[in-house]
Amino acid sequence: MSSAATEAGAVLLAGLVGLAVGSFLNVVITRLPRGESPLQGRSRCPQCDTPIRWRDTLPLVSYLLLRGRCRACGGPIPWRYPAVELVSGLLAAALWVKFPASPLLLAYGPFAAALVTLSFLDLEHFWLPDVLTLPLTGLGLVLSLILPHLRWYEAFLGALLGGGVFYGVAWGYYRLTGREGLGLGDAKLLALIGAFLGVQALPGVVLLSALMGAGVGAVLIWRERAGRLTPIPYGPFLALAALLHLFLADSPLVPQALWR
Ligand SMILES: [Zn+2]
């Protein structure tokens with residue numbers, strides 16, 4: 001086989017691994033808010049409680065074959081299932097292209113999976129659970145001691161400042177307005193991002209997430225016209241900004257002043 005074909009095969013394989021990982025992330029996103037273990041028991045249809053057959057759990061394929069409906073009761077399968085699988089598959093393929101066969105995948109793979117899981121939990125439940133953010137921040141710090149992607153003090157400063165600065169902003173906003181604009185979950189997510197991307201990534205990630213958040217917020221207000229404040233979760237903007245940083249920060253197409 002030519003080397004181009006081998007490379008394409010490796011990217012495809014990474015994408016398939018990503019689809020399978022996405023399938024597991026869906027189980028986590030569904031069960032964690034209910035206090036259930038993602039590791040025990042078969043998945044069941046949320047409408048009719050029928051256990052889902054193995055052949056109906058193939059990522060993306062089953063959703064398409066079943067046309068988005070439960071085989072037993074015909075109830076709709078939430079769009080989140082194929083969305084998480086597709087995003088995970090594409091991210092895994094993109095990570096392989098960016099870091100082919102690199103040990104850094106041991107850090108950025110779990111990091112990307114964490115960002116996807118936390119984004120969808122925040123979208124559905126406005127919840128960035130400590131049970132994910134805290135141990136994963138610890139994992140990022142440990143990996144910074146082992147892998148060459150960061151100097152360890154960049155990771156530790158990133159976690160400390162990411163958590164601390166955002167906590168300060170959340171506290172200040174609350175004291176000034178009496179409303180909770182940013183949750184402590186956002187502070188812990190930024191600590192996680194700081195642990196994996198380093199302190200030098202924080203200004204760019206905070207700025208970019210704020211711009212995207214303000215943009216989406218403005219569109220929502222314009223569409224509703226009434227001006228009623230729709231609460232939107234901030235976690236997905238932080239996660240998206242972190243992924244953009246991971247993939248693009250060293251790209252010659254992006255002005256470095258944006259990030260540093
Ligand atoms: Zn059903």
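Helices (H or I, at least four residues) and strands (E, at least two) are DSSP runs, numbered from the N terminus. The model is predicted: local features need pLDDT of at least 70, side-chain atom pairs count only at pLDDT 80 or more, and totals for chains, interfaces and linings use all residues. Residue numbers start from 1 along each chain, as its sequence is written.

**Helix 7**
- Gly-198 follows helix 7, and its phi is positive, near 90°.
- Helix 7 covers residues 184-197; at 1.5 Å a residue, its 14 residues should span 20 Å, and its end C-alpha atoms agree, at 20 Å apart.
- The expected span is 1.5 Å times one less than the number of residues.
- Of those 14 residues, 13 are buried, so helix 7 is largely enclosed by the rest of the structure.
- Buried means that 20 or more other C-beta atoms, placed from the backbone, lie within 10 Å of the residue's own.

**Two domains**
- Domain 1 is 1-101 and domain 2 is 103-260, with bounds from an automatic or database domain assignment.
- Their C-alpha centres lie 24 Å apart.
- The contact takes 15 residues from domain 1 and 14 residues from domain 2 (C-beta atoms, placed from the backbone, within 7 Å).
- Helix 3 (80-98) gives the most to the domain 1 side, with 8 residues.

**Nonpolar core**
- A nonpolar core joins buried Ala, Val, Leu, Ile, Met, Phe, Trp, Tyr and Cys residues through C-beta atoms within 7 Å.
- The largest has 55 residues; Ala-112, Leu-115, Ile-193, Leu-238 and Ala-242 touch the most other members.
- Helix 4 supplies the largest share of this core, 11 residues.
- Beyond its neighbours within four places in sequence, Ala-242 contacts Leu-115, Ile-193, Leu-197 and Val-205.

Terms used:
Buried ≥ 20, exposed ≤ 12 C-beta atoms within 10 Å, placed from the backbone. Contact = placed C-beta atoms within 7 Å.
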